[in-house]
Amino acid sequence: MNINKHQKNILLAMLSGLLGALAFPPMEFTFLGWVCLVPLIFAIRGSSPRQAFWYSYIAGFIFFGSLLYWLVNVTIPGFILLVLMFAVYYALFGMMVRMVLNYSMDLLILPFAWVALEYIRSHMFTGFPWGLLGYSQYTTINIVQIADITGAYGVSFIMVAFNVALFAVLSRRERKIAYMMIALMFMLMSTSYGIYRFNNYNVWGSPRISVVQGNVPQDQKWNPGFAEEIVKTYTGLTKQAALADADLIIWPETSYPYLVEAGRPVAEEVNALAREQHIPILSGIVYREGDDYYNSAVLFNGGEDLPIYHKTHLVPFGEYIPFKNAISFLRGYIDKPIGDFRRGGEYSLFTLKSNASSKNVSGKIISRTNFYKFGVLICFEDIFPYLSRAFVFAGANFLVNITNDAWFGDTAASRQHLQSSVFRAIENRVPVIRAANTGVSGFVDSTGKIISTVEVEGEEIFVTGVQTDSVNIY
């Protein structure tokens, strides 16, 4: 079968989108992120403006369609709309590629263009910084340490620069050696900085923290007939965690199955459990104050004064409908319940008290009490860098993400969500602890290294368990 140039370019565009998606979970062929744009640039070379737009749009459609496939478990119309919309960013990049190639502009404009588009996607409307190209390198720890200076965008920049340099070499463009040398220099500088960061830490505290993964099925979470059983599940797991001498036990998002109302006793059985075990319990709850509902986190300390945080960045079409007076009819087209939550207005911090002991040079045991501050990111709040920064600027020594990824089934969504926590840890140089109803529950240190996770027979999602670890505070 003869393939004409147009058909060949379509295949190249499709290949580009597929290679990009394969760099992410579930496949995690991370090296493909360094070459995924090369086929697309070849397809655009010599094309008309219209062709450049549609070749790139096809690449974006394949990329986002393959990356976000798990959204069909929540909403098929939403999945289609999101993919169609985000593919436009690829198309805009393709238009810039054509302009650079046709007008013999410097190829190093393209990494700037890519990063600008990622930034816009991350902030426009409510923003959706998911699947940034740099995220694909979340396990390549050395090269991503520059994120504490540039965010994930800096990693994306270096990757696009390498893609561009590789295209220049393969297409035998002028200055091809210079482009490759510049790209390799970026990679070397990033790796060298990573090595430097790994060797410049001083630990001043290491509280022991337990995360509890209840793995409660979605059809049971808000069924009153299962509420008592859910509390028993978390109570049993909490007692198991207490045996590991934890300073704090963390339950996932909305893990407490009853509505908590202002002015009434707050989850007395959980508070009593914290008092009985002499360990504070952080739990996700649904909180009602008058006619307003909040997705919240409460620190049960066994006392009467229970600090609370209300989620500040809500999930559109999940926890609320934007412009609901105009588009409330969309409820009928989304096959999952949509909440009507209000957003919180404060970046409230929680305090953790931890007793520690050590031996001095003479062998005498010295006891001390450390106090730590931490912020809580609920659900997908950890995908937004500004929220983590706000908590750290307010004084947080570590961050906690409580979430529930059970909505998305047995898919790559949980691992893709974990990528965000890895970058939040690096960007702010603080540990991130994750507790999911189901998902990846575990510990990420301040270098972005995944220390440990709740794991049963090699599985991390749709399993019930506890994981306890010491968290190094720098």
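Colleague: What space lies in the largest cavity?

Modeller: About 120 Å³. That volume is the space filled by probe spheres set on grid points, joined across faces, edges and corners. The model is predicted: local features need pLDDT of at least 70, side-chain atom pairs count only at pLDDT 80 or more, and totals for chains, interfaces and linings use all residues. Residues are numbered from 1 along each chain as its sequence is written, and side-chain values use heavy atoms, without hydrogens and water.

Colleague: What makes this space a cavity?

Modeller: On a 1 Å grid over the protein atoms alone, a 1.4 Å probe fits at its points but cannot get out. The whole structure holds 1 cavity of 30 Å³ or more.

Colleague: Which elements give two or more residues to its lining?

Modeller: Helix 3 (49-67), helix 4 (76-102) and helix 5 (109-123). Helices are DSSP runs (H or I, at least four residues), numbered from the N terminus. Helix 5 gives the largest share, 4 residues. Lining residues have an atom within 4 Å of a point; Phe63, Tyr89, Trp114 and Arg121 are among them. The lining divides into 8 nonpolar, 1 polar and 2 charged residues.

Colleague: Which residues form the nonpolar patch on the surface?

Modeller: Phe61, Val72, Ile76, Ile80 and Leu84, with about 400 Å² of accessible area together. Helix 4 gives the most, 3 residues. Patch residues have over 30% relative accessible area and no salt bridge, and nonpolar side chains are joined within 5 Å.

Colleague: Why is valine 72 called partly exposed?

Modeller: Its relative accessible area is 35%. Buried means under 20% and exposed over 50%, so valine 72 at 35% is partly exposed. Valine 72 lies in the loop between helix 3 and helix 4.

Definitions and conventions:
1 Å grid on protein atoms, 1.4 Å probe; cavity = no way out; pocket = protein on both sides within 12 Å on 5 of 7 lines; lining within 4 Å. Nonpolar A, V, L, I, M, F, W, Y, C, P; charged D, E, K, R; others polar. Patch = residues over 30% accessible without salt bridge, like charges linked within 9 Å, V, L, I, M, F, W, Y side chains within 5 Å. Areas by Shrake-Rupley, 256 points an atom, 1.4 Å probe, with all protein chains shown as cover. Salt bridge = Lys/Arg side-chain N within 4 Å of Asp/Glu carboxyl O. Buried < 20%, exposed > 50% of the residue type's maximum accessible area, 1.4 Å probe, protein only.
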